Amino acid sequence: MKKKIAILGSSHLLQSVNFDDLSKIYTLVTTRIDMSLVSLMSYPIEYDRQKLLSGEDKNLASRLLSEYEKDTLNDLIASNPDVIILDFFPDIQFGVSETLSGCYITNNLDDYTKNPSFENIRTFLNHSPVYEFDHYEKIWAKSLEDFITFINKYLPKTKVMIYQNLEVTRKYSIENGVNLINNFSNEAWKNFNQFASETYNLSIISDLFEIDLSSGDTVDNNIYDFNLIRNATFDNEGKFWTCFGYIPFDDKNTRIENGELILYGNRNQIHTFNILSGSINFAASPENPIELELSYEVFVEDIFDIEIYHDYIFIGKGFDNNLDVSNNDASQILYDQGAKLLNLTSGKWKKIKKIVTVTAPYIRVGPYVKGKTTVKWRNLSLKHHCRDEK
């Protein structure tokens with residue numbers, strides 16, 4: 001199996017890459033392009049999903065989704081790369097804006113303001129290492145420390161490397177008519193790279209083909225206990241969940257109590273309820289499938305009040321991007337075993353544990369029911385499947 005690489009950096013890094021040659025050596029999995037490290041490690045930002053999706057540029061919407069939901073660490077666990085390339089040029093090029101709630105977002109306003117969702121994002125401070133290096137370096141260094149701490153805990157066998165090519169700043173300056181800041185940008189970038197390299201013993205490269213991907217198996221990291229469903233206990237109500245049925249979180253028929261999601265059925269009306277988790281980037285394919293362990297507990301008040309020909313109780317869908325949620329866009333249905341085949345008993349909790357195989361790049365999972373009865377879910381989990389007990 002080819003080694004996997006994740007790139008967290010600038011568009012300039014990828015512009016110089018010959019992907020035909022690259023694909024012969026390794027598989028490109030998780031990418032975050034033109035997203036600053038400070039934003040990547042910040043807290044999620046509240047946003048309007050409908051406005052996000054209404055934008056004409058879907059690539060921009062996809063990038064903004066990661067800026068808002070801060071899903072990079074989750075996706076790194078999901079894709080489990082052999083190598084991570086860190087490119088700090090987005091911090092130099094854009095800096096960050098600070099929101100009223102204290103979150104950071106990459107200050108790429110020329111792009112982001114083209115999406116309707118950004119009009120709802122309230123920022124009040126901009127930070128740039130070119131104009132306030134010492135202040136920005138403190139914010140950035142703390143973000144880097146948190147990132148490395150996360151990597152050491154969950155991805156200790158993944159090699160982290162730093163990309164630097166000072167020609168990028170020259171080209172960017174010429175393209176954008178800002179030659180006066182070119183020298184400051186170069187110095188700031190070199191300082192960031194030197195700090196990261198010396199503090200965390202990371203190699204600096206100027207070309208992706210400098211990476212030494214010696215033969216051997218892909219890395220086996222500490223990923224198996226990591227629940228990839230964000231907000232699985234609904235502590236933050238509907239955050240990171242998308243409603244796809246007819247009943248939203250704030251409906252009178254739904255409630256969250258002590259980590260349980262409860263749908264109160266109405267015997268006079270059939271309800272269709274479905275929520276899907278935040279998108280998870282496994283970078284899987286039919287040629288490179290990934291096995292996952294899906295588990296949850298479910299309680300059905302009356303099993304006979306679930307639609308007999310549509311009695312799913314939990315489903316998963318695979319997609320080709322991180323924006324889609326509908327059946328029409330799904331490239332894979334992960335798990336659709338009916339409630340009766342699960343041998344559920346009316347009025348009793350039952351734990352379900354299944355091994356599912358992912359063949360789509362992005363996955364969403366979540367509770368589903370169509371019927372007239374009360375249903376409860378708790379202890380939702382989606383993890384990498386470990387064949388050998390640790």
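How many bridges join strand β15 (residues 314-319) to β18, and in which sense do the two strands run? Six bridges join them, and the strands run antiparallel. The structure is a predicted model, in which local features need pLDDT of at least 70 and side-chain atom pairs count only at pLDDT 80 or more, while totals for chains, interfaces and linings use all residues. Residues are numbered from 1 along each chain as its sequence is written, and side-chain values use heavy atoms, with hydrogens and water left out. Helices (H or I, at least four residues) and strands (E, at least two) are DSSP runs, numbered from the N terminus.

- Strand β18 (residues 362-371) is largely enclosed by the rest of the structure, because nine of its ten residues are buried; buried means under 20% relative accessible area, exposed over 50% and partly exposed in between (1.4 Å probe, protein chains only).
- Two strands are said to pair if DSSP finds at least two bridges between them.
- Within the pairing of β15 and β18, Phe-314 has Pro-367 of β18 as its bridge partner.
- Strand β12 (residues 271-276) also pairs with β18 in the antiparallel sense, over four bridges, and Asn-274 stands opposite Tyr-368 in β18.
- Strand β13 runs antiparallel to β18 and is joined to it by two bridges; here Ile-280 stands opposite Ile-363.

**Thr-272 in strand β12**

- Thr-272 lies in strand β12 and is buried, with a relative accessible area of 15%.
- Leaving aside neighbours within four places in sequence, Thr-272 is in contact with Gly-245, Tyr-246, Ile-247, Tyr-368, Val-369 and Lys-370; contact means heavy atoms within 4.5 Å.

- Glu-287 is found in the loop between β13 (280-281) and β14 (290-300).
- Glu-287 is exposed, with a relative accessible area of 63%.
- Although Glu-287 and Thr-359 are 72 residues apart along the chain, their C-alpha atoms are separated by 7.8 Å.

- Strand β10 (residues 254-257) and strand β11 (residues 260-263) pair in the antiparallel sense over four bridges.
- Glu-257 has Glu-260 of β11 as its bridge partner.
- The hairpin has two residues between the strands, and Asn-258 takes a positive phi near 50 degrees.

- Helix α5 (residues 58-69) has twelve residues and, at 1.5 Å a residue, should span 16 Å; its end C-alpha atoms are 16 Å apart, which agrees. The expected span is 1.5 Å times one less than the number of residues in the helix.
- At the start of α5, the backbone nitrogen of Asn-59 has a side-chain oxygen of Asp-57 within 3.0 Å.
- Leu-60, Ala-61, Leu-64 and Leu-65 are among the buried residues of α5.
- An α-helix has 3.6 residues a turn, so residues three or four places apart point the same way.
- The buried residues of α5 pack against β2 (26-33), α3 (37-40), α4 (49-53), β5 (104-106) and α8 (109-112).
- Lys-70 follows α5 and has a positive phi, near 50 degrees.
- In helix α6 (residues 72-79), eight of the eight residues are buried, including Leu-73, Leu-76 and Ile-77.
- Just after α6, Asn-80 takes a positive phi of about 50 degrees.

**Aromatic rings**

- Rings of Phe, Tyr and Trp (its six-membered ring) pair if their centres lie within 6.5 Å; planes under 30 degrees apart count as stacked, over 60 as edge-to-face and the rest as tilted. The count by this rule comes to 17 aromatic pairs.
- The pair of Trp-140 and Phe-192 is stacked, because the ring centres are 4.0 Å apart and the planes lie at 5 degrees.
- Trp-140 lies in helix α9 (residues 133-154) and Phe-192 in helix α11 (residues 182-200), so this pair ties together parts that are 52 residues apart in sequence.
- Trp-140 is buried at a relative accessible area of 0%, and Phe-192 likewise counts as buried at 0%.
- Ring pairs link Phe-88, Phe-133, Tyr-136, Trp-140, Phe-192 and Phe-195 into a cluster.

**Charges over rings**

- A charge sits over a ring if NZ of Lys or CZ of Arg is within 6 Å of the ring centre and within 35 degrees of the ring normal.
- Arg-230 lies over the face of Phe-240, at 4.0 Å from the ring centre.
- Lys-376 lies over the face of Phe-299, at 4.9 Å from the ring centre.

Definitions and conventions:
A polar contact is a pair of N or O atoms within 3.5 Å; within protein, one must be able to donate a hydrogen and the other to accept it, and residues adjacent in sequence count only if both atoms are side-chain atoms.
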